[in-house]
Amino acid sequence: MIHPTYVVIGNPIAHSKSPQIHAAFAAQFADHPYVAGFIYQQLLAPLDGFSATVQGFADAGGRGANVTVPFKEEAFRWVGEQLTERAAAAGAVNTLVRQANGTWQGDNTDGAGLVTDLLRHINLRGQRILLLGAGGAARGALLPLLQQQPQSLSVANRTQSKAQQLLDEVAAPWRHAQGVSLPVLALGFDDLLDEVTATNLSQYDVVINATSASLSGERLPISDAIFAPNALAYDMMYGKNQTPFLAQAREAGVQQRVDGLGMLVGQAAEAFELWTGLRPEVAPVLQWMREQI
Ligand code: ATR
């Protein structure tokens, strides 16, 4: 058996589209000597066996790995000190990169994948951004969104205190270090629902769903009035059918609606570049993936 040099580790993993995506990227550089031997496979880790699995892969000469659900926080701990700034802010690692000295660096490309996908549709500088959710997905997006210098960034969550905690832990140190006064605000969903008049609601140019509510087909308790004219609604989820959040946005009259398939391909492109130094073209792979789902 040929040992894979790259893997995606998760549990479950059989559904993962990452091998297809990375094979398509590698095909863009078929003549490149480094990429000629590029092997990327799925690697199932037992739920209580992430460390042993990743260590076994490393010992067999593995050069890079993507890490997916439910191991991103465990991968963060496995790496120890060698974390990029964005992985440290995310508190999670989705990409492991073997260094020249044999050690591993932990990075997180999810937020960058989101931002590059958003930028294909809208300029984020000077925009009022609303991030819905305060779990792992939202945490990974926060720093890359702030770095785009929006006019303001609000985080709304069912449990408001978690939104506040996220801003305290990630946004506050960043703003302090950068010396920027970009307004950030933690909200509860109550603040997005003014059923009587809608007059007290703020409007947002970009509304990003980072909650897992779509998984259970649930709608979010938000008013149609939060969407500014020409707003863009982005759902980190994707599927064959329109996601519940994007259906909600459509009913609210939002014209620009984007699902998270581009984020998936985008985070993979970032990882591929970290490993190979080569920047793959996202658009044709995204189009091809769209046809597959
Ligand atoms: P992920 O890694 O996908 O972000 P997570 O860390 O478990 O998963 O976070 C899930 C997020 O979705 C949280 O913000 C959660 O809100 P709470 O912090 O209040 O639990 C949000 N969420 C999940 N189900 C939801 C629902 N039905 N309505 C609104 N928010 C929901």
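**Entry 1: H1 and H10**

I looked up how H1 passes H10 in this predicted model and recorded a right-handed crossing. Helix H1 spans residues 18-27 and helix H10 residues 261-276. I noted an angle of about 55° between them, with the axes 10 Å apart. The two helices are therefore oblique to each other.

I then listed the residues that meet. H1 contributes Ile21, His22, Phe25 and Ala26. On the H10 side I found Leu264, Val265, Ala268, Ala269, Ala271, Phe272 and Trp275. Sorted by class, this contact of H1 with H10 has 10 nonpolar residues, one polar and no charged ones.

**Entry 2: aromatic pairs**

The rings of Phe29 and Phe272 have centres 5.9 Å apart and planes at 20°; with planes under 30 degrees apart, the pair is stacked. Phe29 sits in the loop between H1 and helix H2 (33-36), and Phe272 in helix H10, so the pair ties together parts that are 243 residues apart in sequence. I recorded both Phe29 and Phe272 as buried.

For Phe57 and Trp104, I noted ring centres 6.4 Å apart and planes at 40°, so this pair is tilted. It links distant parts of the chain, with Phe57 in helix H3 (residues 50-59) and Trp104 in strand S5 (residues 104-107), 47 residues apart. Phe57 is buried at a relative accessible area of 8%, and Trp104 is buried at 10%.

I also asked which residues the ring pairs link into a cluster. They are Tyr6, Phe25, Phe29, Phe38, Tyr40, Phe272 and Trp275. Of these, Phe25, Phe272 and Trp275 are also listed in the contact of H1 with H10.

**Entry 3: cis peptide bonds**

I looked up the bond joining Asn11 and Pro12 and found it cis, with omega about 0°. Pro12 belongs to the loop between strand S1 (6-10) and H1. The peptide bond from Val69 to Pro70 is cis as well; its omega is near 5°. I placed Pro70 in the loop between strand S3 (64-67) and helix H4 (72-79).

**Entry 4: positive phi**

I checked Gln149, which is not a glycine, and recorded a positive phi of about 55°. Gln149 lies in the loop between helix H7 (136-146) and strand S7 (152-157). Its relative accessible area is 42%, so Gln149 is partly exposed.

Asn230, not a glycine either, has a positive phi of about 65°. I located Asn230 in strand S10 (residues 227-235).

How values were computed:
Residues are numbered from 1 along each chain as its sequence is written. This is a predicted model: local features need pLDDT of at least 70, side-chain atom pairs count only at pLDDT 80 or more; totals for chains, interfaces and linings use all residues. Side-chain values use heavy atoms; hydrogens and water are left out. Axes are lines fitted to C-alpha atoms, for helices over the stretch in contact, and angles run from 0 to 180 degrees between N-to-C directions. Helices (H or I, at least four residues) and strands (E, at least two) are DSSP runs, numbered from the N terminus. Angles under 35 degrees count as roughly parallel, over 145 as roughly antiparallel, 65 to 115 as roughly perpendicular and the rest as oblique. A crossing is left-handed if the near helix is turned anticlockwise from the far one by less than a right angle, and right-handed if clockwise. Contact means heavy atoms within 4.5 Å. Ala, Val, Leu, Ile, Met, Phe, Trp, Tyr, Cys and Pro count as nonpolar, Asp, Glu, Lys and Arg as charged, and the others, Gly among them, as polar. Buried means under 20% relative accessible area, exposed over 50%, partly exposed in between (1.4 Å probe, protein chains only). Rings of Phe, Tyr and Trp (its six-membered ring) pair if their centres lie within 6.5 Å; planes under 30 degrees apart count as stacked, over 60 as edge-to-face and the rest as tilted.
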